[in-house]
Amino acid sequence: MMEWLSDYGAFLTSRQEDILIALRDHIYISAISIILGAIVAIPVGIWLAGSRIGWLNSTVFTVANVLQTIPSLALLAILIPLLGIGRTPAVFALFLYSIMPIMRNTYSGFKAVDPNVMEAARGMGYSRLQRLLRIQLPLSFPYIMSGLRVTTVYIISWATLATLIGAGGLGQLIFSGLGVNKKELIVTGAILAVILALAADFLLGLAERWVTAKTRSTPASGTV
Amino acid sequence: MIRFENVRKTYDDGFEALKTINLEIKEGELTVLIGPSGCGKSTLMKHINRLNNPTSGKIYIRDKDISSIDPVELRRSIGYVIQNVGLFPHMNIAKNVAVVPRLLKWDKEVTAGKVDELLSMVNLDPDVYRNRYPAELSGGQQQRIGVIRALAADPDVILLDEPFSALDPISREQLQDELIRLQQELKKTIVFVTHDMDEAIKIADTIVLMKDGQVVQTGSPEHILRHPANEFVTSFIGKKHLTTDTLDPGLIVDDVMSVNPVTASPERGMAAAIQFMERHRVDSLIIVGKKRELLGYVSIFNVLKGYRHEDTRLADIMKPFVHVVESGSSVALALTLMNEHGLPYVPVVRDGQLAGLVTRGSVVRHMAEIYNPDDMSLEELAAEAEKLKEEAPLEPAEADQDEERGERS
């Protein structure tokens, strides 16, 4: 056991550079996908929650649901003829996967705001934008954050597949390990992916608590 | 102050929520809009702060056509309280109260002072409540905050949409009293929507009675009670408000008795009796047999006396009733009995079985329910009572006596 650990230590030192590059690429791919997902899905979720067009809501959710169910390998394969190989198709695929949970949570969060609260806000003279920024967003913030956290965790895990279309990342360590039958590579890639997911979730949790505490203890920001 | 001119509201589906409303709401008055649900009272009120806009017609506040005012600006100048309170759960009480001043960008210190002043006005200690969150307050306290939130920016007009109807009866009474007090202090123009006639009579300067999108009658509570415009008004006001015979000799004991007196079986022991009295907070028990036949009563003093002997049963210590009244007897008879003999209550029997209990409490409750529309002075009431007394027999009534209800009613 001790022997194996020291061998493993030696292996880590020797491959340090590769490992760090893989980690960096992995963080990069995941982060870009989630940020893009949030930029698209949060406003769409907000808009759908406010819209009264029933068929549109169901259409959007159906499309997002279908995207969600396409097997990831298949989606990557489909994207090769469209976007080629490399990071772009990988980020695009992960972005598609991130839309649904973020949108769904944003939508639920906005729907969960007490209609009485909204009526009171309207009746007291909040403009539409003020209602959005001072009432709806703060109240649905926990929902949106939980959507982001769930998405982040599994996007980080799925990003290991990105290496299949040449996007690099921790998946590359795992697949090379498979290729040359080197367990250390596989273990390193997997453990780093797990640690990365947990760390991201933890940091987002901290951010959520920080923002909640801030909006609760100081007056809401000035007039918009 | 607020004037509706030929206001009509038709929804997209063709439903006519308001049919040509012409109405003037007077400055400094508390006007109650009342009617059955779906009559348009809420819809009408929401036209004042442009939460609803009329299909046709005009609304003026101080002779200014409100369709020319930006709705957001208009709403900030009008207080608004809704039924389900609608406090902002993520803001503390101080921030909730200061919502409109903050929207109007008042100076922070002026706002804070105003918040404290308003909290004190509804008897909530600012130091205690300022930093609490709505979820930490009771329903009554939350609606107090709802009301002072509407007052925060000193609006001339305040709209209240069934503000107290979700509250328990005690909080509702308190808040009604506080609203009347605030109104007397602040002299605001208040428009209050309710479906509760008792509430309207209690708080209104003017009542506007509505039905099917139309105003049926407008007037002071006094005027509407005395001169209901039609059948609908009469039925809406409710029978109890219209009963002219406040001390109707035809009133029978069955109307006023409490039907669930605390009874016990004669087989019970003393400890059980004490526990029973404690639980129901009474000082005596009516003893009835298996078929609810009236056997007698025990008082707490008898029970305590009998407590020493473990095998004492209620049957051993109970006393028979000297005075009972038959179901269908006049209330005057029961009252006279209670008065003459200093009885706290008189049992009502039907075929020898206990039907109920006339107590002082039950009589007072019944009287309180009857509105006295003739505004009789105390002297007149006393004379009326005297007359009743003369009519009522003075001798103790036995269980089988008293066939005179035919004559009395």
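A crossing of two helices is called right-handed if the near helix is turned clockwise from the far one by less than a right angle, and left-handed if it is turned anticlockwise. The model used throughout is a predicted one.

**Exercise 1.** Determine how H5(A) and H7(A) are oriented to each other, and state the handedness of their crossing.

*Solution.* 
Step 1. The axes of helix H5 (residues 87–111) and helix H7 (residues 128–158) of chain A come within 8 Å and cross at roughly 155°.
Step 2. Angles over 145 degrees count as roughly antiparallel; H5(A) is therefore roughly antiparallel to H7(A).
Step 3. The crossing of the two helices, H5(A) and H7(A), is right-handed.
Step 4. Among the residues that make the contact are A:Leu94, A:Tyr97 and A:Phe110 of H5(A), and A:Tyr143, A:Ile144 and A:Trp158 of H7(A).
Step 5. By class, the residues of this contact are eleven nonpolar, ten polar and one charged.

**Exercise 2.** Describe the six-stranded open sheet of chain B, and identify the strands at its edges.

*Solution.* 
Step 1. The strand order is E6-E7-E8-E3-E9-E10, with mixed pairing.
Step 2. Strand E6 (78–81) and strand E10 (214–219) of chain B each have a single partner strand, so they stand at the edges, and one side of each is left without a neighbour in the sheet.
Step 3. From one strand to the next, the twist averages 15°.
Step 4. E9(B) and E10(B) run antiparallel and are joined by five bridges. B:Lys211 has B:Gln214 in E10(B) as its bridge partner.
Step 5. Helix H7 (residues 139–151) of chain B packs on the sheet and touches E6 and strand E7 (157–161) of chain B; the direction of this helix makes about 165° with that of E6(B).

**Exercise 3.** Decide whether B:Thr206 is buried, partly exposed or exposed.

*Solution.* 
Step 1. B:Thr206 lies in strand E9 (residues 206–211) of chain B.
Step 2. Within 10 Å there are 19 other C-beta atoms. A buried residue needs 20 or more, and an exposed one has 12 or fewer; B:Thr206 is therefore partly exposed.
Step 3. Beyond its neighbours within four places in sequence, B:Thr206 is in contact with residues including B:Lys26, B:Glu29 and B:Thr218.

**Exercise 4.** Describe the side of chain B that touches chain A.

*Solution.* 
Step 1. In this pairing, 18 residues of chain B are in contact with 17 residues of chain A.
Step 2. Helix H2 (71–76) and helix H4 (99–103) of chain B are the elements that give two or more residues to this side.
Step 3. The residues of this side of chain B comprise ten nonpolar, four polar and four charged.

Note on methods:
Residues are numbered from 1 along each chain as its sequence is written. Chains are lettered from A and ligands numbered from 1 in the order in which they are written. This is a predicted model: local features need pLDDT of at least 70, side-chain atom pairs count only at pLDDT 80 or more; totals for chains, interfaces and linings use all residues. Two residues are in contact if their C-beta atoms, placed from the backbone, lie within 7 Å. Helices (H or I, at least four residues) and strands (E, at least two) are DSSP runs, numbered from the N terminus. Ala, Val, Leu, Ile, Met, Phe, Trp, Tyr, Cys and Pro count as nonpolar, Asp, Glu, Lys and Arg as charged, and the others, Gly among them, as polar. Axes are lines fitted to C-alpha atoms, for helices over the stretch in contact, and angles run from 0 to 180 degrees between N-to-C directions. Angles under 35 degrees count as roughly parallel, over 145 as roughly antiparallel, 65 to 115 as roughly perpendicular and the rest as oblique. Two strands pair if DSSP finds at least two bridges between them.
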